Amino acid sequence: MRKKIVAGNWKMNMTYQEAEDLMEGIVEKLCGIEDLDTEIVICPPYPYLEMAIDYSANVDEDDMVVEEYFSVGAQNCAAYEKGAYTGEVSAEMLDSMDVTHCIIGHSERRKYFGDTDEVLSEKLKQAIVHNLIPIFCVGEVLEEREADKHFDVIRNQMNVLFQLEKEDFMKCIVAYEPVWAIGTGKTATPEQAEEIHAFIRSLIAEKYGKDVAEMTHILYGGSCNAKNASTLFAQPDVDGGLIGGASLKIDDFVSICQQASK
Ligand code: PGA
């Protein structure tokens, strides 16, 4: 049985102080919940990663982790190893500061920052080489769905991930995020989500075998919130969520984490 994962994608939001308040509030709430069976990943902007890591676990005087509340992920990484790439942040840097996850291929990166399949393929390689768990996003735009092309689009996007060797693919998390649902308040129905999730799992089975497909986490993202999370998460192939807007609200985010817990 796959344990559910809830990842918060803060995008380019929050001042430092607001981010600290949000983090503090989330940890405070999480501390009060017993037996929470959800893996939580928080992906704040780069400048707040270190703060997030400080909040992510309760450590004793010897710096030993007493309790871990969540893992910390980045929202992006460079396609290059190191060097003269002003403004970029490498996977190696992230790994060296104990960041564990990295979102790769978010539709906003594809749309606004030229993250083509070739670029994403390089970013994936960097993430894998430097021990980051990629959260690889796929999803169709509205016109593609209306033209009934969504399955082809998802298949093509998944082919980037399928360039990985099996052992490396097994480290990845997939996120299905229909672009028409991101930040629009227009969530995919549980049936629409399940249909694509099951399709993605069948592609994985075709490529790497049934066992790999069964262990791969496929998250849903796109206007997932405290009101609709539980019905989405109840679908057999939906293994949690990648949460944007609702991850910026303490109560909503913690509620989503609880709804993912069995
Ligand atoms: P949203 O964003 O929850 O605000 O729709 C999801 C995402 O882009 O990851």
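A: At a relative accessibility of 54%, N131 counts as exposed, where exposed stands for over 50% relative accessible area, buried for under 20%, and partly exposed for values in between, computed with a 1.4 Å probe on protein chains only. This is a predicted model, in which local features need a pLDDT of at least 70 and side-chain atom pairs count only at pLDDT 80 or more, while totals for chains, interfaces and linings use all residues. Residues are numbered from 1 along each chain as its sequence is written, and side-chain values use heavy atoms, with hydrogens and water left out.

N131 sits in the loop between α5 (117-129) and β7 (133-138); helices (H or I, at least four residues) and strands (E, at least two) are DSSP runs numbered from the N terminus. Although N131 is not a glycine, its phi is positive, at about 65°. Most residues other than glycine have a negative phi. D148 also has a positive phi without being a glycine, in this case about 60°, and it is found in the loop between α6 (142-146) and α7 (150-161), exposed with a relative accessible area of 57%.

R2, in the segment before β1, is buried, with a relative accessible area of 14%. Side chains of opposite charge can pair when their charged atoms come close. R2 forms a salt bridge with D239, their closest N and O atoms being 2.8 Å apart; a salt bridge here is a side-chain nitrogen of Lys or Arg within 4 Å of a carboxyl oxygen of Asp or Glu. This pair links distant parts of the chain, with R2 in the segment before β1 (4-9) and D239 in the loop between α11 (229-233) and β10 (240-243), 237 residues apart. Both R2 and D239 are buried.

The side chain of R2 also reaches the backbone oxygen of P236 at 3.2 Å, which falls under polar contacts, defined as pairs of N or O atoms within 3.5 Å; within protein, one must be able to donate a hydrogen and the other to accept it, and residues adjacent in sequence count only if both atoms are side-chain atoms. Leaving aside residues up to four places away in sequence, R2 touches a set of residues including R201, A213, E214, D237 and K262, a contact meaning heavy atoms within 4.5 Å.

R201 takes part in two further pairings. The side chains of D237 and R201 meet in a salt bridge, at 2.5 Å from N to O, and here too distant parts of the chain are joined: D237 is in the loop between α11 and β10, R201 in helix α9 (residues 190-208), 36 residues apart. R201 is buried, with a relative accessible area of 5%, and D237 counts as buried at 13% relative accessibility. R2, R201, E214, D237 and D239 are linked in a network of salt bridges, and the count for the model comes to 14 salt bridges.

A side-chain N or O atom of H106 is 2.6 Å from an oxygen atom of the ligand, a polar side-chain atom of E177 lies 2.7 Å from a ligand oxygen, and a polar backbone atom of G244 is 2.9 Å from an oxygen atom of the ligand. The protein covers 95% of the 280 Å² of accessible area that the ligand has on its own, with areas taken from the Shrake-Rupley method with a 1.4 Å probe, where for residues only the protein chains shown count as cover.
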